[in-house]
Amino acid sequence: MSNSEWNDAEANVLPEKVAKMADEGEIPEPTKRKRIVVVGLGMVGIAFIEKLMKLDVKRREYDIIVIGEEPHLAYNRVGLTSFFQHREVENLYLNPASWYASMPEGSLNYHLNTMVTSIDSEKKTVETSNGDTVPYDVLVLATGSDAVLPKHTPGHNAKGVFVYRTIEDLQKLIAFSSTKKGTSGAVVGGGLLGLEAAKAMMDLEEFSKVKLIERNRWVLSRQLDADAGNMVVEQVRALGLDVLLSKRVGRINTDEENNVCGVTFEDGETMDCSCICFAIGIKPRDELARKSGITCADRGGGIIIGKDLSTSAPDVYAIGECASWESQTYGLIAPGVEMADILAFNLTQAKAHSPRSFKQPDLSTKLKLLGVEVASFGDFFADRDGPKNMPSRRHAAKKEGTTEAQETVKGLTEGPPPSPVKALTYKDPFQQVYKKYLFTMDGKYLLGGMMIGDTKDYVKLVPLVKNQKQLEISPSELIIGAKKGDDEGADDLEDDTQVCSCHNVLKGDIANAVKDGTCKSIGDVKSCTKAGTGCGGCMPLVQTIFNKAMQSMGQEVKNNLCPHFDYSRADLFNIIYVKKIKSFEEIMKQCGKEPESLGCEACKPTIGSILASLYNQHIIDKERRGLQDTNDRFLANIQRNGTFSVIPRVSGGEITADKLIVIGTVAKKYGLYCKITGGQRIDLFGARKHDLPKIWQELIDGGMESGHAYAKSLRTVKTCVGTTWCRFGIGDSVGMGVRLEERYKSIRSPHKIKGGVSGCVRECAEAQNKDFGLIATEKGYNIFVGGNGGAKPRHSELLAKDVPPDDVVTILDRYLSFYIRTADKLMRTARWVENLPGGIKYLREVILEDKLGICADLEQQMEDLVGSFFCEWTEVLKSPERLKLFSQFGNTDENVDSMDKVEDRGQERPAYWPKDSVTEDFRGTQWSELTWQPLAKSEQFTDAPTGSSLAVKRGDTQLAIFKVKGQYYATQQMCPHKRAFVLSDGLIGDDMKTDKLWVSCPYHKRNYELKGADAGKCGNDESVNIATFPVEARDDGMVYVKLPPVQELDGVLGTEKWKIRKEETEEHSPFEALDEKLKKMKGRKSMQASHLPNGLGEKAKADAILAGAERGANGMDW
């Protein structure tokens, strides 16, 4: 079954789906739910959980408890080799910890480092090594397999003998190898796992030589014949791997301290080595089932299962490598995922559907081992072992008079009949390409085959075998006509062609997800379908299918900025950069579709950001202010009640006690709500617009500056204390973090940027989920890029390893400049890296190897940008003209609140928003009479090409006046969507073809028409509208608005009428039940009280300090 056959989102977007369903009350809460206990949190175990959660999210029939023996969450065992590069277990996690926590309450619990010791199938319980008894309704055994260690071989328990199976195995191998530098390492086993292990040992760069020992005459003997296997041997030897064939280890030689010093082969030859890694196969982990009385296979092992995956015990199932189906166990991930899929389906969907059965799995594999492309598919040994299944077709009748007995006698006397298979072989020793395809005798059906070097046709051939489809071409054409250049030829693939074997994703799944609008980028395809998130080998084909699907819809695969431009953000950036254009007006004339257009809420902030990234001029000056969203327009973050939050810079999270005192006194003086941010700085909420300059004045006077929290720019560089204080620290993470934040502060980019620096591999600064992150090593820093938290978390990827501190800035300069140049609008670095052609590999080539020859230019670009730094707050304070912008109204010094305040945990916050929008027909209001009222001066407006605006007050009503291309427009100030009085701060947009002009609400982008018959209508939300009024400028220098009498106007639009009252939205606390529980918990106190018997508590203590008379003393001696 395909992962996306069901319309539910895939497992990795389940958190968003669950949150949305919870908000909409769609998650059912039945009184009784069955409990599924899953034993084993490996790749198959988590695949089952993901699939069951996806199918059960709307039903909520089950709660899952998963018990894992390892100390880690489920990780990608297929990608185990990459651990040698990044050494971070979390990089291999299939889902982050937040994924597990985001499921509906009680639906998923996990226990790590816990072994299940017994099963009582009668009582339906399992016992754990912790002594816990866990009851179940359904038990799923996904215990996997162990690596085989030949305990009959003398010396198998010596120091330096390893297996290659788990993270712990790898960690032990890494630690040991560091003590054996310059010696020889050996891998026993030339199968898939053996070649992976050999590559890993070579990647360690500790051993002077790595040797592979294989008992057969060629490697990969389970997938390839002698010709193909020997071609692989030639290629891996050329890469530096020493391969010994037809060798069996008879003894492991040791010294007096039981350290490995070599091996003696069964033929008597010896070989020196200090380390041996066995990769000679796996054995199913069935010991738990055996001792619990569940039937297991005697030969080969494994828990015996039926076609429904059930075991001999009721309500107990087994899936993955531990399961034995028809006397076979499977060591590949694909059959295990198929079992997980079937079981999840049967447990959730079989009430309405026929249950699914497990059938002979497809063991086709396509891998890249030590840089060599290898694939085998279908019945690839049909010529050697005889075909397992022949295509069903009409056979000729037996010759008349021939009996079964006669056929048997003939077989005994003349030997077995020749194999009913013909092989077609292609071998190119110069290009190291080998292909062998196996056909029926008449050449009408393909049975299987193998490939080395060129595996592009793999995805086309597998369906021909699986579907037993009769060929419409001669067999030779499958080889001769196979190569199609760089295009993987998605056109001639059927929709049911499996593209991603790791997650069983079909071509049709990808194409349909693109055509129905679910996926609009290659990153979306990976998130929605999981294609390309396993081994990654299918990504070129996935990209081709995506491009073809977009083209079939008449869409080019391009990212135009908005309807006003035929360019993407990256295209526009380069045009502006090359032509040195410095104004919006010139950009529109040279690059826009309509030279005189105003642009819109999509392109204006992007152009503002590009100009800031190139020239870094003050963003609120007349020429640029109309390009900015509200946050940038007022250099602070607008909040729900129209006030702002202020965040001063705290570089690297390091702050002195003196600056804390300054921040505290400012917060006390202006009644600001305080909150520590996730980026290690202090957020001050509730600042009124007119108070912003005064707050900045005090902070700047105290040695602080703008933190640019309002901008799409560098936010913070989070640090741990590193060697400054920590006993485990290797690098000075604070020192590095402070320097990086000081360098890159204020630079504008396509989206916000966050950094992190950790002083050691303990990673306390969480540097690997940042846009750029550094982790100290003994040789310098490992630099990671392209990570982020948020709605779509992504671990960063290693860009450069062991970088000396002096070289860090150079690499980051290039990386950030390249991102600023080439990313799409509002694209985080995570999505940007995913969408780069070739991903992180390409980025390394550009940044580290200067593949494009632009590194010097990138460095200079950043040098120019950081050299233009200024504090935007300080420059406002120096300019009377800029200070005029920070008033609530243009015609009065009055200030009005539009939302009640609520005291919460000792601080004041705004009341919650009402659930419903205001749907009154403001634009259709019939006024009794209208008279002209002077409300503003003409000089308060500019003739900027982006338009200008002003908020004014008449009686208790707030109004917005706009000037666009010499014409004035007036509307109510309140956006009915959230009753927010903010429209004068919205961006103005137009469509010259339809003669439309609109203002976009800065909160949630409701676009209101400003002129014509539709004036007041909302173009993207029919439920809301606004009132508009005639307006004109006169010769006396005033701007007049035609309004009804004050009392009538206030009755419809007055602030007091629409002010959000706490009685309206605060009737019940969302935490009532939780607060009752907390009150009963021992040792709790109120948030502001002291634990001390005579303690002053928060407020009294602070007041005493500020009064200079703490406890009767003469103030504090600082």
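Is His-751 buried or exposed? His-751 is buried, with a relative accessible area of 16%; the cut-off for buried is under 20%. This model is predicted, and the legends below describe close-up views of it.

**View 1. His-751 sits in a loop between a helix and a strand.** The loop runs between α24 (733-744) and β33 (753-758).

**View 2. Helix α24 packs with helix α25 (residues 805-822).** The packing angle is about 35 degrees, and the axes are 12 Å apart. The crossing of α24 and α25 is right-handed. From α24, the contact uses Met-736, Leu-740, Arg-743 and Tyr-744. From α25 come Pro-805, Val-808, Val-809, Leu-812, Asp-813 and Leu-816. Eight of the residues in this contact are nonpolar, none is polar and two are charged.

**View 3. Helix α27 (residues 839-847) is largely enclosed by the rest of the structure.** The buried set in α27 is Gly-839, Ile-840, Tyr-842, Leu-843, Glu-845, Val-846 and Ile-847. These buried residues pack against two strands, β35 (780-785) and β36 (797-803). They also pack against the helices α25, α26 (829-835) and α28 (855-866).

**View 4. Helices α22 (residues 657-670) and α23 (residues 692-701) cross at roughly 155 degrees.** Their axes come within 10 Å. Angles over 145 degrees count as roughly antiparallel, and α22 and α23 are therefore roughly antiparallel to each other. The crossing of α22 and α23 is right-handed. On the α22 side, the contact holds Val-662, Ile-663, Val-666, Lys-669 and Tyr-670. On the α23 side, Lys-694, Ile-695, Glu-698 and Leu-699 meet them. The contact residues divide into six nonpolar, no polar and three charged.

**View 5. Five strands form an open parallel sheet.** The strand order is β9-β16-β10-β11-β12. β9 (161-163) and β12 (242-244) stand at the edges. Each edge strand has a single partner, so one side of each is left without a neighbour in the sheet. Neighbouring strands are turned by 25 degrees against each other on average, direction ignored. Within the sheet, strand β10 (residues 184-188) and strand β16 (residues 275-278) run parallel and are joined by four bridges. Gly-185 has Cys-275 in β16 as its bridge partner. Helix α5 (residues 167-177) packs on the sheet and touches β9 and β16. The direction of α5 makes about 145 degrees with that of β9.

**View 6. Strands β13, β14 and β15 are linked through two hairpins.** Strand β13 (residues 249-254) and strand β14 (residues 260-265) run antiparallel, joined by five bridges. Ile-252 stands opposite Val-263 in β14. Five residues lie between the strands of the β13 and β14 hairpin, where Asn-258 takes a positive phi near 65 degrees. β14 then pairs with strand β15 (residues 270-272) in the antiparallel sense, over three bridges. Here Thr-264 stands opposite Thr-270 in β15. The β14 and β15 hairpin has four residues between the strands, and Gly-268 takes a positive phi near 95 degrees.

**View 7. Three strands form an open antiparallel sheet.** The order is β45-β46-β47. The edge strands β45 (987-991) and β47 (1007-1009) each pair on one side only. The twist averages 30 degrees from one strand to the next. Five bridges join β45 to the antiparallel strand β46 (residues 996-1000). Leu-987 has Ser-1000 in β46 as its bridge partner.

**View 8. Val-999 is a buried residue of strand β46.** Its relative accessible area is 0%. Val-999 and Leu-987 are 12 residues apart in sequence, while their C-alpha atoms are 5.7 Å apart in space. Leaving aside neighbours within four places in sequence, Val-999 is in contact with Phe-962, Leu-983, Gly-986, Leu-987 and Ile-988, among others. Further contacts of Val-999 include Arg-1006, Asn-1007, Tyr-1008 and Leu-1010.

Key:
Residues numbered from 1 in each chain as written. Predicted model: local features only at pLDDT ≥ 70, side-chain atom pairs only at ≥ 80, totals over all residues. Heavy atoms only, no water. Buried < 20%, exposed > 50% of the residue type's maximum accessible area, 1.4 Å probe, protein only. Pairing = 2+ DSSP bridges. Axes fitted to C-alpha atoms, helices over the stretch in contact; angles between N-to-C directions. Parallel < 35°, antiparallel > 145°, perpendicular 65-115°, else oblique. Left-handed = near helix turned anticlockwise from the far one by under 90°. Contact = heavy atoms within 4.5 Å. Nonpolar A, V, L, I, M, F, W, Y, C, P; charged D, E, K, R; others polar.
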